Amino acid sequence: MLWTMETTIVRPRRVSAFLMLWLLICAGSSPLSVAVYTSSRVGLPAVLPCTVASLLDSAHTPHIQWQTIRDSVFERMGGELFQGEAYVDRADVPEEMLMRGNCSLFLRDVRFSDAGIYESYLVVGESSIKNRIFIQSVQLAVIDHKTIKSVKTGADLILDLYTHQAEQVIFQNSINDTSWAVLWERGADIRNKGYPKERDDKLIFRRVTASSAGTYKVLDMQGLALSTVKVEVTEPVLAKETDALQIHSALGKATMNMPPVSLITLFLSFHLMFFK
C-alpha cells in the first residue's frame, strides 16, 4: 500500500516536469523570445532591422511581410506593395535593398501607437501554395523628447514641435503652480499679437520676458506629451558692464609688474573715467 501511494505521488511530479520542459522548449522557439530591441523618439524615423539574404531564391522576386500582433503593417513583392491603414505613407522596405537581402522596415514620423512587437516573414512557393518563413521579431519603443533651454530676455524662444502630430502647447510658470495655460493650438484663429508663429514644425515666441520661464509641453491629439521643455530666462550682460569687466581684467594683468607710483596714477585715471 505504501509503494502504491509513493507511485501516485511521483507520477504527477514526472508529468509536471515534462510539461515544464515542453513549455520552456516552446517559449525558447517562439519568435517573441528572440526579439531585437530598438527605440526611436516620437516624430522621428525608425529602422526595424531585418536580413534575409541567406533565404533568398535568385530565381524569384523576394516577397516580404511585416506585421504586428493585431495589424498588417507592410508587404512588398517587387514593385507591388501594401501599407496597413495606420501606416499609409509611413512604412517601406525599399525594393533595391530587399533585392540585396536587406528587409529592414523603415517607419516615418513614428507615433506612440507604433510601439510594440513587429514580425517579418518571407513568403515562398508557387501562386497556389504559399508558405511563410519567419525571419525576425523587433520590439519598438517610442520615447518622448525632454530638453532644457536657456534664453536671454528679449530674445526669441524657438520650440520644436518635431511632428505634425503636435496639436497643442501648454505652459506652466513654476513648479509650485499646478495650472497649465494653453499657448498654441493647431488650426486656431490667430488674433492675439503675442501668439507664437509656426514655421517648419517649430514655434517662435518673440521677445521673451522673465515670465516666460517655466515648463512647456507639446501634446498630441490624445493629450500625450510629445516633448517637455524646461526654459530658463536669463538677463543679458549690459555693454557698459562688459567694458568695465574687460578693463578690470586688463588692469589686473597690467598691474602685476608695475611700480607703486604707476599703480596710483592708473587707479586715479580709472576713477576719473567712470565717476567724472
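# Close-up views of a predicted protein model

**Figure 1. Strands E8 and E9 run antiparallel and are joined by nine bridges.** The model shown here and in the following views is predicted. Strand E8 covers residues 116-124, and strand E9 covers residues 131-143. Within this pairing, Leu122 stands opposite Ile133 in E9. A further detail of this region involves two side chains: the charged end of Arg132 sits over the ring of Tyr121, at 3.9 Å from the centre of that ring.

**Figure 2. Six strands form an open sheet with mixed pairing.** The order of the strands across the sheet is E1-E9-E8-E3-E4-E5. Which strands stand at the edges? They are strand E1 (36-41) and strand E5 (80-83). Each of these two has a single partner strand, so one side of each is left without a neighbour in the sheet. On average, neighbouring strands of this sheet are turned by 20° against each other, direction ignored.

**Figure 3. The largest nonpolar core contains 40 residues.** The members that touch the most other members are Leu48, Trp66, Leu105, Leu107, Tyr118 and Tyr216. Strand E9 supplies the largest share of this core, namely four residues. Leu107 may be examined as an example. When its neighbours within four places in sequence are left aside, Leu107 is in contact with Leu44, Pro45, Ala46, Leu48, Tyr87, Arg90, Ala91, Tyr118 and Leu140.

**Figure 4. Phe171 and Tyr216 form a tilted aromatic pair.** A pair of aromatic rings is described by the distance of the centres and the angle of the planes. For Phe171 and Tyr216, the distance is 4.7 Å centre to centre, and the angle between the planes is 50°. Phe171 lies in strand E12 (residues 168-172) and Tyr216 in strand E16 (residues 214-219), so the pair ties together parts that are 45 residues apart in sequence. Are these two residues buried or exposed? Phe171 counts as buried because its relative accessibility is 11%, and Tyr216 counts as buried because its value is 4%; the cut-off for buried is under 20%. Phe171 and Tyr216 also belong to one aromatic cluster together with Phe205. The structure holds four aromatic pairs.

**Figure 5. Tyr162 and Asp200 have positive phi values although neither is glycine.** Where does Tyr162 lie? Tyr162 is placed in the loop between strand E11 (157-160) and E12, and its phi is near 75°. With a relative accessible area of 24%, Tyr162 is partly exposed. Asp200 is found in the loop between strand E14 (197-198) and strand E15 (202-205), with phi near 55°. Asp200 has a relative accessible area of 68% and is therefore exposed, since exposed means over 50%.

**Figure 6. The protein chain has four helices and 17 strands.** This last legend places the close-up views in the context of the chain. How many residues does the protein chain have, and what share of them count as buried? The chain has 276 residues, of which 29% count as buried. Among the contacts in the protein chain with a separation of 6 or more, 59% are between residues 24 or more positions apart.

Terms used. Residues numbered from 1 in each chain as written. Predicted model: local features only at pLDDT ≥ 70, side-chain atom pairs only at ≥ 80, totals over all residues. Heavy atoms only, no water. Core = buried A, V, L, I, M, F, W, Y, C linked by side-chain atoms within 4.5 Å. Buried < 20%, exposed > 50% of the residue type's maximum accessible area, 1.4 Å probe, protein only. Contact = heavy atoms within 4.5 Å. Phe/Tyr/Trp six-rings, centres within 6.5 Å; stacked < 30°, edge-to-face > 60°. Lys NZ or Arg CZ within 6 Å of the ring centre and 35° of its normal. Pairing = 2+ DSSP bridges. Axes fitted to C-alpha atoms, helices over the stretch in contact; angles between N-to-C directions.
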